[in-house]
Amino acid sequence: VFDKTGTITKGKPEVTDIYTKVKESYLLEIAASLEKLSEHPIAHAIVTKAKLKKYRRVTSFSIVRGKGVIGKIGSKEIVIGNRALMNDKKINYSDINDKIEKFESSGKTVMIVAEGKKVIGAIGVADAVKEDSVDAISRLNSHGYRTVMITGDNERTAKAIASQVGITDVIANVLPEDKAKKVLELQKKGMVAFIGDGIN
(Lines give C-alpha, C1' and ligand atoms only; values in the text may rest on other atoms or scores of the structure.)
Protein backbone atom coordinates (compact mmCIF):
# COMPACT_ATOMS: atom_id res chain seq x y z
CA VAL A 1 0.00 0.00 0.00
CA PHE A 2 1.45 3.31 -1.08
CA ASP A 3 0.61 6.70 0.34
CA LYS A 4 0.27 9.14 -2.56
CA THR A 5 1.66 12.58 -1.66
CA GLY A 6 5.41 12.60 -1.12
CA THR A 7 5.69 8.87 -1.80
CA ILE A 8 4.39 8.21 -5.32
CA THR A 9 4.46 11.94 -6.04
CA LYS A 10 7.23 14.42 -5.28
CA GLY A 11 5.25 16.14 -2.54
CA LYS A 12 5.98 19.53 -4.09
CA PRO A 13 2.64 20.61 -5.56
CA GLU A 14 2.36 23.56 -7.93
CA VAL A 15 -0.65 25.62 -8.98
CA THR A 16 -1.35 24.74 -12.62
CA ASP A 17 -4.94 25.90 -13.23
CA ILE A 18 -7.14 28.69 -11.95
CA TYR A 19 -10.81 29.17 -12.68
CA THR A 20 -12.27 32.34 -11.23
CA LYS A 21 -15.48 34.39 -11.27
CA VAL A 22 -13.64 37.40 -9.82
CA LYS A 23 -10.30 39.01 -10.71
CA GLU A 24 -7.59 36.34 -10.55
CA SER A 25 -5.43 38.60 -8.39
CA TYR A 26 -8.30 38.95 -5.88
CA LEU A 27 -8.92 35.18 -5.75
CA LEU A 28 -5.21 34.51 -5.12
CA GLU A 29 -4.99 37.28 -2.51
CA ILE A 30 -7.91 35.85 -0.53
CA ALA A 31 -6.70 32.25 -0.90
CA ALA A 32 -3.04 32.95 -0.05
CA SER A 33 -3.94 35.06 2.99
CA LEU A 34 -5.62 32.00 4.54
CA GLU A 35 -3.28 29.35 3.18
CA LYS A 36 -0.25 31.20 4.58
CA LEU A 37 -1.47 30.08 8.00
CA SER A 38 -1.44 26.39 7.02
CA GLU A 39 1.61 24.12 6.68
CA HIS A 40 0.08 21.82 4.07
CA PRO A 41 2.06 21.42 0.79
CA ILE A 42 -1.01 22.52 -1.21
CA ALA A 43 -1.27 25.67 0.93
CA HIS A 44 2.40 26.37 0.22
CA ALA A 45 1.77 25.99 -3.53
CA ILE A 46 -1.03 28.60 -3.42
CA VAL A 47 1.08 31.04 -1.39
CA THR A 48 3.99 30.60 -3.83
CA LYS A 49 1.71 31.25 -6.82
CA ALA A 50 0.18 34.41 -5.30
CA LYS A 51 3.57 36.10 -4.61
CA LEU A 52 1.93 38.60 -2.27
CA LYS A 53 3.86 41.44 -0.68
CA LYS A 54 1.09 42.06 1.83
CA TYR A 55 -1.48 39.61 3.17
CA ARG A 56 -5.03 40.32 4.30
CA ARG A 57 -5.72 40.05 8.03
CA VAL A 58 -7.39 36.73 8.81
CA THR A 59 -9.38 36.05 11.99
CA SER A 60 -11.12 32.89 13.31
CA PHE A 61 -8.72 30.71 11.31
CA SER A 62 -9.05 26.94 11.52
CA ILE A 63 -7.72 23.91 9.66
CA VAL A 64 -10.18 21.13 8.84
CA ARG A 65 -7.90 18.09 8.51
CA GLY A 66 -8.09 16.39 5.15
CA LYS A 67 -10.59 18.96 3.88
CA GLY A 68 -9.24 22.54 3.87
CA VAL A 69 -9.19 25.79 5.80
CA ILE A 70 -11.70 28.34 7.12
CA GLY A 71 -11.19 31.91 8.25
CA LYS A 72 -12.64 35.40 8.20
CA ILE A 73 -11.42 38.36 6.20
CA GLY A 74 -13.34 41.38 7.43
CA SER A 75 -16.87 40.19 8.09
CA LYS A 76 -16.90 37.53 5.37
CA GLU A 77 -16.21 33.88 6.07
CA ILE A 78 -13.76 32.35 3.59
CA VAL A 79 -13.85 28.59 3.02
CA ILE A 80 -11.13 26.94 0.92
CA GLY A 81 -11.12 23.21 0.40
CA ASN A 82 -12.47 20.11 -1.26
CA ARG A 83 -16.05 19.05 -2.01
CA ALA A 84 -16.41 17.43 1.41
CA LEU A 85 -15.72 20.76 3.14
CA MET A 86 -18.14 22.61 0.82
CA ASN A 87 -20.82 20.00 1.57
CA ASP A 88 -20.17 20.31 5.33
CA LYS A 89 -20.61 24.09 5.08
CA LYS A 90 -23.64 23.76 2.74
CA ILE A 91 -21.93 25.73 -0.03
CA ASN A 92 -23.21 25.00 -3.54
CA TYR A 93 -20.49 24.49 -6.18
CA SER A 94 -22.63 22.78 -8.87
CA ASP A 95 -22.17 25.65 -11.35
CA ILE A 96 -18.40 25.03 -11.50
CA ASN A 97 -18.50 21.24 -11.12
CA ASP A 98 -17.55 20.68 -14.77
CA LYS A 99 -14.40 22.79 -14.28
CA ILE A 100 -13.53 20.88 -11.09
CA GLU A 101 -14.00 17.52 -12.84
CA LYS A 102 -11.84 18.63 -15.78
CA PHE A 103 -8.95 19.53 -13.44
CA GLU A 104 -9.36 16.27 -11.49
CA SER A 105 -9.40 14.10 -14.62
CA SER A 106 -5.86 15.23 -15.37
CA GLY A 107 -4.70 14.27 -11.85
CA LYS A 108 -4.98 17.65 -10.18
CA THR A 109 -6.17 18.32 -6.64
CA VAL A 110 -8.77 21.08 -6.59
CA MET A 111 -9.26 23.69 -3.88
CA ILE A 112 -12.66 25.38 -4.16
CA VAL A 113 -12.68 28.97 -2.87
CA ALA A 114 -15.87 30.40 -1.34
CA GLU A 115 -16.47 33.85 0.11
CA GLY A 116 -19.58 34.45 2.19
CA LYS A 117 -21.18 31.11 1.12
CA LYS A 118 -20.62 31.89 -2.58
CA VAL A 119 -18.06 30.03 -4.69
CA ILE A 120 -15.71 32.54 -6.37
CA GLY A 121 -13.29 30.11 -8.00
CA ALA A 122 -11.25 26.92 -7.98
CA ILE A 123 -7.51 26.33 -7.93
CA GLY A 124 -6.01 23.21 -9.53
CA VAL A 125 -2.78 21.93 -8.00
CA ALA A 126 -0.56 19.25 -9.57
CA ASP A 127 1.99 17.14 -7.76
CA ALA A 128 4.35 15.46 -10.24
CA VAL A 129 4.96 11.71 -10.03
CA LYS A 130 8.49 10.76 -8.87
CA GLU A 131 10.70 9.47 -11.69
CA ASP A 132 11.27 6.11 -10.01
CA SER A 133 7.66 5.44 -8.96
CA VAL A 134 6.69 3.85 -12.29
CA ASP A 135 9.72 1.52 -12.24
CA ALA A 136 9.29 0.49 -8.59
CA ILE A 137 5.57 -0.24 -8.97
CA SER A 138 5.94 -2.10 -12.28
CA ARG A 139 8.58 -4.36 -10.64
CA LEU A 140 6.23 -5.12 -7.74
CA ASN A 141 3.35 -5.79 -10.15
CA SER A 142 5.51 -8.12 -12.27
CA HIS A 143 6.45 -10.10 -9.14
CA GLY A 144 2.78 -10.70 -8.41
CA TYR A 145 2.27 -8.23 -5.56
CA ARG A 146 -1.03 -6.39 -5.30
CA THR A 147 -0.24 -2.67 -5.32
CA VAL A 148 -2.70 -0.23 -3.77
CA MET A 149 -2.64 3.57 -3.49
CA ILE A 150 -4.26 5.26 -0.49
CA THR A 151 -4.97 8.99 -0.45
CA GLY A 152 -7.09 11.73 1.02
CA ASP A 153 -7.63 12.97 -2.52
CA ASN A 154 -10.88 12.37 -4.38
CA GLU A 155 -11.38 9.30 -6.56
CA ARG A 156 -11.03 11.03 -9.94
CA THR A 157 -7.70 12.72 -9.13
CA ALA A 158 -6.42 9.57 -7.38
CA LYS A 159 -7.24 7.30 -10.33
CA ALA A 160 -5.57 9.69 -12.77
CA ILE A 161 -2.33 9.58 -10.72
CA ALA A 162 -2.57 5.81 -10.13
CA SER A 163 -2.94 5.12 -13.85
CA GLN A 164 0.30 7.06 -14.51
CA VAL A 165 2.25 4.61 -12.31
CA GLY A 166 0.44 1.35 -13.05
CA ILE A 167 -1.71 0.97 -9.92
CA THR A 168 -5.28 -0.24 -10.44
CA ASP A 169 -6.43 -0.42 -6.80
CA VAL A 170 -7.19 3.00 -5.33
CA ILE A 171 -8.57 3.84 -1.90
CA ALA A 172 -9.53 7.52 -2.05
CA ASN A 173 -11.14 10.13 0.24
CA VAL A 174 -9.35 8.75 3.32
CA LEU A 175 -8.71 11.21 6.16
CA PRO A 176 -5.16 11.05 7.62
CA GLU A 177 -6.34 9.48 10.86
CA ASP A 178 -8.29 6.76 8.99
CA LYS A 179 -5.37 5.40 6.94
CA ALA A 180 -4.31 2.99 9.70
CA LYS A 181 -7.89 1.60 9.82
CA LYS A 182 -7.75 0.89 6.08
CA VAL A 183 -4.46 -0.98 6.55
CA LEU A 184 -6.05 -3.08 9.33
CA GLU A 185 -8.92 -3.97 6.96
CA LEU A 186 -6.45 -5.02 4.26
CA GLN A 187 -4.47 -7.09 6.80
CA LYS A 188 -7.50 -9.37 7.20
CA LYS A 189 -6.78 -10.55 3.62
CA GLY A 190 -3.03 -11.06 4.02
CA MET A 191 0.31 -9.48 4.83
CA VAL A 192 0.49 -5.74 4.13
CA ALA A 193 3.54 -3.53 3.63
CA PHE A 194 2.79 0.20 3.90
CA ILE A 195 5.06 2.67 2.14
CA GLY A 196 4.82 6.32 3.13
CA ASP A 197 6.87 9.36 4.14
CA GLY A 198 5.96 8.96 7.81
CA ILE A 199 3.68 11.99 7.98
CA ASN A 200 0.61 9.88 8.74
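A charge is taken to sit over a ring if NZ of Lys or CZ of Arg is within 6 Å of the ring centre and within 35 degrees of the ring normal. By this criterion, the charged end of Lys36 sits over the ring of Tyr55, at 4.9 Å from its centre. The structure is a predicted model, in which local features need pLDDT of at least 70, side-chain atom pairs count only at pLDDT 80 or more, and totals for chains, interfaces and linings use all residues. Residues are numbered from 1 along each chain as its sequence is written, and side-chain values use heavy atoms, with hydrogens and water left out.

Glu35 belongs to helix 2 (residues 24-35); helices (H or I, at least four residues) and strands (E, at least two) are DSSP runs, numbered from the N terminus. Glu35 is buried but has no salt bridge, and the nearest side chain of opposite charge, Lys36, is 12 Å away. Here buried denotes under 20% relative accessible area, exposed over 50%, and partly exposed the range in between (1.4 Å probe, protein chains only). For charge, Lys and Arg count as positive and Asp and Glu as negative, whereas His and the chain ends are not counted. A salt bridge requires a side-chain nitrogen of Lys or Arg within 4 Å of a carboxyl oxygen of Asp or Glu. Residues up to four places away in sequence aside, Glu35 touches Ala43, Ile46, Val47, Val69, Ile80 and Met111, contact being heavy atoms within 4.5 Å.

In helix 5 (residues 97-105), the buried residues are Ile100, Phe103 and Glu104. These residues lie on the same side of helix 5 because they cover an arc of only 100 degrees around the axis, the arc being that of the directions from the helix axis to the C-beta atoms. They pack against strand 2 (14-20), helix 4 (83-88), strand 6 (109-115), strand 7 (118-126) and helix 7 (155-165). Gly107, which follows helix 5, has a positive phi, near 85 degrees.

The whole structure contains 16 salt bridges. One of them joins Asp17 and Lys108, with the closest N and O atoms 3.1 Å apart. This pair links distant parts of the chain, Asp17 in strand 2 and Lys108 in the loop between helix 5 and strand 6, 91 residues apart. Lys108 counts as buried, at 16% relative accessibility. A further salt bridge is formed by Lys67 and Asp88, whose closest N and O atoms are 2.7 Å apart. Arg83, Glu101, Glu104 and Arg156 are linked in a network of salt bridges.
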